[in-house]
Amino acid sequence: MIKVGIIGFGTVGRGTYRILQENSSIIKERTGLNIVVKKIAEINPDRIKDYDIKKEILTHDAYELIEDKDIDIVVELIGGITLAYDYIIHAIKNKKGVITANKALLAEKGGEIFSLAARYKVPIGFEASVCGGIPVIRAVKDGLVANRITDIMGILNGTSNYIMTRMAEEGKPFREVLKDAQRLGFAEQDPTYDIEGIDAAHKLCILISLSFGCKIKLHDISVKGISGIEPVDIEFAREFGYKIKLLAIARHDGEELEARVEPAMISVSHPLSSVGDVFNAVYIVGDRVGPTMFYGKGAGSEPTGSAVVSDIIDIGQRIISKAEPHTFKGITFTKKIKIKESEKGFVPFYLRFTAQDKPGVLSQVSGILAKYSISISTVIQKGRKENGYVPIVMLTHEAIEGDLKKAIKEIDKLPFIKGESICIRIEERLN
Ligand code: HSE
């Protein structure tokens, strides 16, 4: 019998509990494990009230279960950094198996946590920390272990993908769709982490550490969110055969690692372009396997609970068979890697200027682009408003991002340009 303590009975805690109760026979049949929830630490009674849970297994004090000699596995599902960190460190020192869904904590303090776990020889499960129900951590650690991974491209945040999908389908502006999403419960009341790309960057940190066996911090990743995207850009993208997605990208060229999260255009023929609504997907290229893609629900009670339970089973089997913790060394978080400066990126771009409609405008804009060696592949001016403002859209050939930014800064100072111009990278490298 494997005895589990759950800290936090929020959305994921409840999903985990339900799966353990309702699918216990299939779990037993497949794995031989009898998993029992021995304690639940939760301070909010509202979260418990709909569940038939015996009083004696409930506690307000997480340390009660971390100190319980009978508990084999501690599952941390409270999120946040400070308390969760203390609980996990304490559980490791008490030689418990530890499971966490806490991407922010692993992105920030993963190195320390994994070194301590190795020292105490305890296993850590974190399948639920990246893309909820999609078993992508296990895919990298097990299924793809024979490969040198070269590229990761993912839609790692469901909230922003939902917003971008609604904007594309309904032509509504970002703020309006965000409000709708909050009302419907698809976006948090404080959506900053999701819409500004931080949540995706935390997940990318974990995938990078696993895939490239290196140490990376959030500030090594160039991060830009979706709040600057307008319906007009989505519409132009469609005309050019692209969709705009918040993409998390990691690419190792043998020398440097490029790591970024930002809205980018991808061809409608790329499998990631059809990933809509709250769904997540991760496209991973290995040197032997070629391209692979993993798709599913990246959040939610039972999808994320399904990942937590898979970790409970994995660790439970190790405990029963008295095996050493997972020997995968990829997640050392210690090997240094050279991070490519984001300004050195070399891809095609979509540019949108809002310019006065009069003779000579295009030649001045293209003159500045030429000065920075940026070659234009397509130009569109929609509508005609003599001396009024119209959108001018350009696609460039591959250009150095730093040069492009300098050119845009100069263009935005021209007297006939209104506001800040829009610049979105076009990701064609993995088509
Ligand atoms: N808030 C995340 C998302 C799920 O919207 O995808 C948890 O990481």
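How much area do domain 2 and domain 3 bury between them, and what share of it lies on carbon and sulfur atoms? In this predicted model, the two domains bury about 1,400 Å² between them, and 60% of that area is on carbon and sulfur atoms.

**Figure 1. Domain assignment of the chain.** The assignment gives domain 1 as residues 2-132 + 301-321, domain 2 as residues 137-297 and domain 3 as residues 343-426. The centres of domain 2 and domain 3, taken over C-alpha atoms, are separated by 26 Å.

**Figure 2. Buried area between domain 2 and domain 3.** Of the residues in domain 2, Phe236, Phe240 and Met265 lose the most area to domain 3. Together these three residues account for 40% of what the domain 2 side buries. In terms of contacts, 18 residues of domain 2 meet 16 residues of domain 3.

**Figure 3. Salt bridges and polar contacts across the interface.** Five salt bridges are counted between domain 2 and domain 3. In a further close-up, the side chains of Arg260 and Glu401 form a salt bridge, with an N to O distance of 3.2 Å. Five residue pairs are in polar contact across the interface of domain 2 and domain 3, both residues of each pair being at pLDDT 80 or more.

**Figure 4. Elements of domain 2 that touch domain 3.** Helix H11 (231-240), strand S9 (242-252) and strand S10 (256-267) each supply at least two residues of this side. Strand S10 gives the most, with seven residues. By residue class, the side of domain 2 that touches domain 3 divides into nine nonpolar, one polar and eight charged residues.

How values were computed
Residues are numbered from 1 along each chain as its sequence is written. This is a predicted model: local features need pLDDT of at least 70, side-chain atom pairs count only at pLDDT 80 or more; totals for chains, interfaces and linings use all residues. Side-chain values use heavy atoms; hydrogens and water are left out. Domain bounds come from an automatic or database domain assignment. Contact means heavy atoms within 4.5 Å. Buried area is the accessible area (1.4 Å probe) that two parts lose on being put together, summed over both. A salt bridge is a side-chain nitrogen of Lys or Arg within 4 Å of a carboxyl oxygen of Asp or Glu. A polar contact is a pair of N or O atoms within 3.5 Å; within protein, one must be able to donate a hydrogen and the other to accept it, and residues adjacent in sequence count only if both atoms are side-chain atoms. Helices (H or I, at least four residues) and strands (E, at least two) are DSSP runs, numbered from the N terminus. Ala, Val, Leu, Ile, Met, Phe, Trp, Tyr, Cys and Pro count as nonpolar, Asp, Glu, Lys and Arg as charged, and the others, Gly among them, as polar.
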